[in-house]
Structure formats: C-alpha cells, structure tokens
Number of protein chains: 2
Amino acid sequence: MAKSPNESRAYHHGNLKEALIEAGRQILEEEGLDKLSLRGVARRAGVSQTAPYHHFKDKETLLAAIAQTGFQDLAGAARKALKEGKSPQDQLDRYGAGYVEFAAKHPALFNLMFSGQLSSDKDHTEFLETASVSFELLRQCVAQVLEANGAPPNLTDIRTLSSWSIVHGLATLIIDGRVAPEDYACTSAKDLAAKMLGC
Amino acid sequence: MAKSPNESRAYHHGNLKEALIEAGRQILEEEGLDKLSLRGVARRAGVSQTAPYHHFKDKETLLAAIAQTGFQDLAGAARKALKEGKSPQDQLDRYGAGYVEFAAKHPALFNLMFSGQLSSDKDHTEFLETASVSFELLRQCVAQVLEANGAPPNLTDIRTLSSWSIVHGLATLIIDGRVAPEDYACTSAKDLAAKMLGC
DNA sequence: AAAGTATGTTGACATTGTTAAGATTTGTGT
DNA sequence: ACACAAATCTTAACAATGTCAACATACTTT
C-alpha cells in the first residue's frame, strides 16, 4: 500500500514524485530559480519531459512542493532554537539567528518560499499549512518573552509581527545583496543577525 | 545633440528607450513580473520584437532600468517623509510608513527592485547608485534620532540596518501575502506599519 | 550629396511550459 | 489465471520567449 523504497524500482521509477522534488531543489540551490525548468528537473531525474505532469499539475505546483521542503527545514531550525535556548529571550534570539542563517545558506530556496506566487491563485493548502508552522513557533516564543517580562499578552500579535519583520527583512536584504555582513564587522549572516538583535 | 521631446517623433520613434521603460513598468504593475516579456514590451511600445536590443543589452538590463524608476519614486517618498516630519522620530516613522505604503502600492515593482538578480552579474552601476539614495536618507534620519536622544553616533550603522530591516521585512511579508493588514485591525499596509513602529 | 552611424525590421534558432495521443506497467475483480 | 481499468511514462507537437544575424531605413556629419 505504502511505497517501499527498499524494493528497488518498485514501480516504473519507484517514487518519481519525491525524486522530482529533490532534483528540483538541487537545481534550485545550485543554479538559481531562473535556471530551474521543468524539463531540466525531469532530465536530472532521468525521465521524460512530461513525466512530471503525472505528479504535479504544473510547474508552479512543483515549486510549491519544493518550497514546502524548505519550510519543513526552517521549522526544524526553529524547533532547535526553542530547545536549546536557555531563556525565552535567548530562545527568541536563537530563533532569529537561525532564521537568517537558513536564508543565507539557501538563498534561492528562501526566495522561492516567500515569492508570493505560490499562495494566491491555486490550492496549495498543504503548502500553506507547512509554511505557518515556523510562524506559530515564533508566536509561542514571543508570548513567553512577554510573560517573562510581565508585559500584557495582548501585545503578542503585534510583537510577533515585529520580530518576524526584522529577521525576515534582514534575511532578504542579505540574500538580495543589499547588505553584506562584512560591512558590519561580521563574518556571517548569523553573526550579523545576533548583533542586530542585541541592540 | 540631445533628444528633443517637443518636436514630435524627432527620430524614428522619438525616444524609444523611455517608452520601453514606461511600457515595461505598466505591464509589470498590471500583470506581474512573470507576464513581463521583452516581446510584450516591444508590442506595447508599437515596435518590433528586437527593437529593444538597440537600447538595452538584454532583458535584465531593461528590468534594471525599470527598477531604477522605482528607486527614484521610493527616494521621492523618503524625501517627502523627511520634509513633513515634525521631529527626527516623526521623520523616521513617516519614512517607514511611506516605505511600506510604496511597497503595497507597487508590489511587483518592489519585488523586482529587490530581486537580487540585478546587482550581481552585470554592470548596473547607475542602477545601484540610484538604489542607494533611499538608504542614505534613512541613515541621515536615524543619525538625527540618535543625536536627539543623546545616543552615541557609532550606533548609526547598526540602527539604520535595524530600521531598514523591520520596514523592509514588513513590506515583503505583506507583498507576498504572508501578512494581511486586516488581521491586525488595520485598513491599509501604511496603517499597519505605523502601528508596528509605534510599539 | 556621400559616408557613416544610429535605429528599426524580418527571419531564424534553441529553450520552455503545456497539451494530445498512444504505449506500458500495475492493481483489481472475477 | 485473466480481462480490464487505472496509473504511469513516452513521443510528437504547438505557441511563446530570449536572442542573434542579416538587412533596411532614417538621421548626422562632413
């Protein structure tokens, strides 16, 4: 019933869907979004040009699936930050640094994740749910910081947005080449994030 | 020697270069970046498919020129904020609100301006200079706020980056559909920016 | 007016996203 | 086991796009 990755080449290809997502993500990270073509993905996966259409409605749907894997990884980084943080504030700082670090390490993927073309037209409900996980974790983190500081909890919404904005803004500015960590006496995007959040 | 816009149709077309930029910006704002093709721009300008190549090296160069007009407008909004602000802090708040408002009103253009593809490979020096004007204005603004608060001026760099990050982050989150002003009891992106900056 | 340059057009090519039609493999009911 | 439907994959084809080459026309300079 479920796919059996052990049994080599169980079906025509095994599980092409995941192979296409993986191939697409590789091309994306190696060559950028504009070099990512459906045909190129199929080529790397070793199948015909139109094979992907049996697993994805169109190119945008494949992109959404690739972006979804990015959101899963981003949520993983967030969970790690919350686990390793010594205090609510420390958790929040680690969250921000991890967020920016992720963006700097996967610029094309990060841009795709927040490209905005994936949320409007089509379905992508599953994609949107995955995308909201990191945000919910941030929200919990901010709520704890407010509680620890004795601040009213009705500030949670707007403070969460503030925190998200500042780390997301820094991440995009670095990715797009508008800000270089070296200009701020920092050796990495993560360092710059920590420095900025510490002000 | 110089072009004479008065004399109607002075040359073959008058000044195709600016017409192409204008046509491109229209298509960009009406239909989005993925619908913006060189051929489409040429079509709207009423010229042949390859006419743009006599004014722009390639599509990316045209996009850079379009983005440059966006940075000019953004700098105009910034200047207006600095002129109308009653105090350094008020200037800074108006700058942020204007920044987000501009992004919300020109989402596709704003995304293009910060797409990051325009700064790496090619020349685009003129484009980069124009792009840095808004940033310099923000820097002056932040410096005045610090001075008014008696804070040390060596914080200017990092504080400017913080301010830029938070408004830029909010702008992109709104543009990409990750944040809706209505979810924060705001009627516009500008209002949400003001609300957030006031915390 | 001649020559040269700037600007514009037509034609062509490779690449891309996508659809249509057909072939092959897998699962299902008997 | 076997026929049949569903899933999966392939080839062929189409329109659209970015770009180049070759050619034509308009303007400038002398």
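Modeller: Domain bounds come from an automatic or database domain assignment. On that basis, chain A of this predicted model is divided into domain 1 (1-56) and domain 2 (60-197).

Biologist: How far apart do the C-alpha centres of domain 1 of chain A and domain 2 of chain A lie?

Modeller: The separation is taken between the C-alpha centres of the two domains. The contact itself takes 12 residues from domain 1 of chain A and 13 residues from domain 2 of chain A. The centres lie apart by 28 Å.

Biologist: What area is buried between domain 1 of chain A and domain 2 of chain A?

Modeller: The size of an interface is often given as the accessible area lost when the parts come together. Here carbon and sulfur atoms give 78% of the buried area. The total between domain 1 of chain A and domain 2 of chain A is about 1000 Å².

Biologist: Which residues of domain 1 of chain A lose the most area to domain 2 of chain A?

Modeller: Three residues together account for 50% of what the domain 1 side of chain A buries. They are Arg25(A), Leu28(A) and Phe56(A).

Biologist: Which side chain meets that of Arg25(A) in a salt bridge?

Modeller: The rule finds one salt bridge across the interface of domain 1 of chain A and domain 2 of chain A. A salt bridge requires nitrogen and carboxyl oxygen within 4 Å, and the N to O distance at Arg25(A) is 2.8 Å. The partner of Arg25(A) is Asp73(A).

Technical notes: Residues are numbered from 1 along each chain as its sequence is written. Chains are lettered from A and ligands numbered from 1 in the order in which they are written. This is a predicted model: local features need pLDDT of at least 70, side-chain atom pairs count only at pLDDT 80 or more; totals for chains, interfaces and linings use all residues. Side-chain values use heavy atoms; hydrogens and water are left out. Contact means heavy atoms within 4.5 Å. Buried area is the accessible area (1.4 Å probe) that two parts lose on being put together, summed over both.
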